[in-house]
Amino acid sequence: MDPYSAEGELINIHNHFHQAQYQEVVDFDTSSFSPENELPTRLLVLRSRIALGQAQEVLADVKGASEPELQAVGALAEQSLGKSDAAVAVIEKLAASHADNVAVQIIGGTVLQAAGKSEEALALLSQHQGSLDAVALIAQIHLQQNRTDLAIKEVTAARRWAQDSLLVNLAESWVGVRVGGEKYQQAFYVFEELAQAPATSSVGSLVAQAVCELHLGRTEEAQAALDQAIQKAPESADAIANLLVLKVVSGANSDDVTASLKKVAPKHQLLVDLEEKSAAFDAAASKYAPKVAA
């Protein structure tokens with residue numbers, strides 16, 4: 001039996017992970033799990049700890065491990081600590097010797113994509129044998145490549161065999177937000193259901209709900225969702241970044257929110273993009289600066 005299926009014993013802890021409920025994963029009671037699921041469970045817990053900012057502790061936890069799965073997690077922790085080159089070197093070595101290992105595929109694909117090696121990540125992930133985690137990551141990579149057509153193809157194919165899996169619903173919603181139109185509302189329903197139910201609510205689902213609300217022109221509702229997210233995690237870079245977007249879209253002063261984002265995540269992609277666009281604007285404007293003859 002697939003341990004992640006509706007009948008599998010890992011379904012709940014797996015769903016917590018993909019709902020971005022990382023503390024719930026760490027605190028999950030795994031005492032009743034079968035011995036063969038000990039390693040998959042440990043991987044989810046370790047990845048959740050990295051997401052919670054405990055990469056240094058995770059790195060110490062897996063130091064010297066011989067299992068390729070734990071070596072991959074160690075690489076993910078290293079990347080989280082800013083050691084991307086070292087992390088990629090570990091993953092490339094694992095990919096050469098354990099490319100058929102699903103954990104190496106998923107964690108390795110995550111590390112490679114974060115390092116800007118999209119084609120290497122896709123090549124590794126494409127070797128999966130019916131892994132929804134791999135499908136979801138492949139769809140995310142295609143979306144980052146602006147290949148919405150390939151993301152749609154990937155998710156549509158998975159829907160045929162995954163049926164009503166949470167991960168397929170999430171992947172379809174990510175694609176829907178990119179496609180737009182009536183897909184915004186469909187994605188909203190998925191994220192709102194997760195965000196507003198106490199058992200599934202997380203910062204990630206609240207931010208996703210807010211993004212859909214913004215696309216649907218519902219700024220007050222987006223503000224409410226982001227307020228809930230920031231109340232849960234005051235230093236969530238994603239929540240603050242989307243609040244900054246909301247302020248700009250609403251025409252409100254965004255200086256305080258910009259300052260907050262710079263404090264929490266000075267290298268956040270939104271800030272990098274804003275700086276690049278500001279520099280490009282200044283360079284273009286300088287060509288048209290008025291010249292006063294002496």
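This is a predicted model: local features need pLDDT of at least 70, side-chain atom pairs count only at pLDDT 80 or more; totals for chains, interfaces and linings use all residues.

Tutor: Start with glutamate 120, which has a relative accessible area of 34% and is therefore partly exposed. Its salt-bridge partner is lysine 117, with the closest N and O atoms 3.9 Å apart; a pair counts when a side-chain nitrogen of Lys or Arg lies within 4 Å of a carboxyl oxygen of Asp or Glu. Lysine 117 is also partly exposed, at 30% relative accessibility.

This pair is one of 6 salt bridges in the structure. Another joins arginine 147 to aspartate 149, where the closest N and O atoms are 2.7 Å apart. Arginine 147 has 36% relative accessibility and counts as partly exposed; aspartate 149, at 43%, falls in that class too.

In a further salt bridge, the side chains of arginine 159 and glutamate 172 meet at 2.6 Å, N to O. Arginine 159 belongs to helix α10 (residues 148-162) and glutamate 172 to helix α11 (residues 166-179), so this pair ties together parts that are 13 residues apart in sequence. Arginine 159 is partly exposed, its relative accessible area being 23%, where the limit for buried is under 20%. Glutamate 172 is partly exposed as well, at 35% relative accessibility.

Technical notes
Residues are numbered from 1 along each chain as its sequence is written. Side-chain values use heavy atoms; hydrogens and water are left out. Buried means under 20% relative accessible area, exposed over 50%, partly exposed in between (1.4 Å probe, protein chains only). Helices (H or I, at least four residues) and strands (E, at least two) are DSSP runs, numbered from the N terminus.
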